[in-house]
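Subject: the structure, and what turned up in it

Hi,

Here is the structure I promised to pass on.

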Amino acid sequence: MHALHDLLTVVDHPLVQHKLTLMRDKGASSAEFRRLLHEITLLLAYEITSEMPMTTRAIETPLEEMDAPILAGKKLAVVSILRAGNGMLDGVLQLVPSARVGFIGLYRDEETLKPVQYYFKVPEGMNDRMVIVVDPMLATGNSSAAAIDLLKQAGASDIRFLCLLAAPEGVERMREAHPDVPIVTASLDRGLNSKGYIMPGLGDAGDRMFGTK
Ligand code: URA
């Protein structure tokens, strides 16, 4: 584990790596795939929230008064990049139930090959929130970089990116476009194939979690 101020943190915890292997296997059912993604997200979210700002609150235990640590500032925002990001949403919300939730939908224009926004809805006050963007696959990085452009336009400045797998190409793209956004992932895979799939990867994350192929 590297500290989060590095751009890339690979969580090599044995439970994360074991569950990831089960997910990569093409024999995993959609139900297993979703369950494992949820479980891994809990562990990755634990890491990505490790530097949340804290304050103290005066409370009384049954024995005495104390100033006890508590999260500070506005509630966290978790932003799902549709549609595969939705597979990681509940994991983050289970750890931080009070988080606000946003969604970003992007498609690729077949002529310009650039990501085009078709849906954007995020909580108010983004400038005061820690924002965790979730998308299982950081492949070319084009849609992730575009999503973060949109979040910055909405005022967000404390943004982190949570993914299951990252390709070196995507990490590089993010490093160029958004060097201020730390990335937490379960694995840095070998690279992209000619169709833009992460290798060895796990295939199309959306199709595998929703059974659409
Ligand atoms: N998106 C996916 O779902 N899988 C990949 O391998 C790359 C992008």
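First, a word on naming: helices (H or I, at least four residues) and strands (E, at least two) are DSSP runs, numbered from the N terminus. This is a predicted model, where local features need pLDDT of at least 70 and side-chain atom pairs count only at pLDDT 80 or more, while totals for chains, interfaces and linings use all residues. Residues are numbered from 1 along each chain as its sequence is written, and side-chain values use heavy atoms, with hydrogens and water left out.

Arg-83 belongs to the loop between β4 (77–81) and α3.

As for the term, we work on a 1 Å grid over the protein atoms alone: a cavity is a set of points where a 1.4 Å probe fits but cannot get out, a pocket is an open set with protein on both sides within 12 Å along at least five of seven lines, and lining residues have an atom within 4 Å of a point. Arg-108 is in strand β5 (residues 100–108).

UniProt (unreviewed entry) also puts a "binding site" at Ile-198, Gly-203, Asp-204 and Ala-205, and the lining of the largest pocket includes Ile-198, Gly-203, Asp-204 and Ala-205. Gly-203 is in the loop between β14 (198–199) and α6 (205–210).

Helix packing

Axes here are lines fitted to C-alpha atoms, for helices over the stretch in contact, and angles run from 0 to 180 degrees between N-to-C directions. Angles under 35 degrees count as roughly parallel, over 145 as roughly antiparallel, 65 to 115 as roughly perpendicular and the rest as oblique. Contact means heavy atoms within 4.5 Å.

- α1 (residues 14–24) and α2: the axes come within 10 Å and cross at roughly 155 degrees, so α1 is roughly antiparallel to α2. Among the contact residues are Leu-15 and Lys-19 in α1, and Phe-33 and Glu-39 in α2. The contact divides into eleven nonpolar, no polar and two charged residues (Ala, Val, Leu, Ile, Met, Phe, Trp, Tyr, Cys and Pro count as nonpolar, Asp, Glu, Lys and Arg as charged, and the others, Gly among them, as polar).
- α2 (residues 30–48) and α3 (residues 86–95): these pack at about 50 degrees with their axes 8 Å apart, and are therefore oblique to each other. The contact includes Leu-37 and His-38 of α2, and Gly-87 and Met-88 of α3. By class, the contact of α2 with α3 has eight nonpolar, five polar and one charged residues.
- α4 (residues 142–153) and α5 (residues 168–177): the axes come within 9 Å and cross at roughly 25 degrees, which makes α4 roughly parallel to α5. Asn-142, Ser-144, Ala-145 and Ile-148 in α4 meet Arg-173, Met-174 and Ala-177 in α5.

Cheers

Terms used. UniProt positions renumbered as here; feature names shortened; annotations may be inferred.
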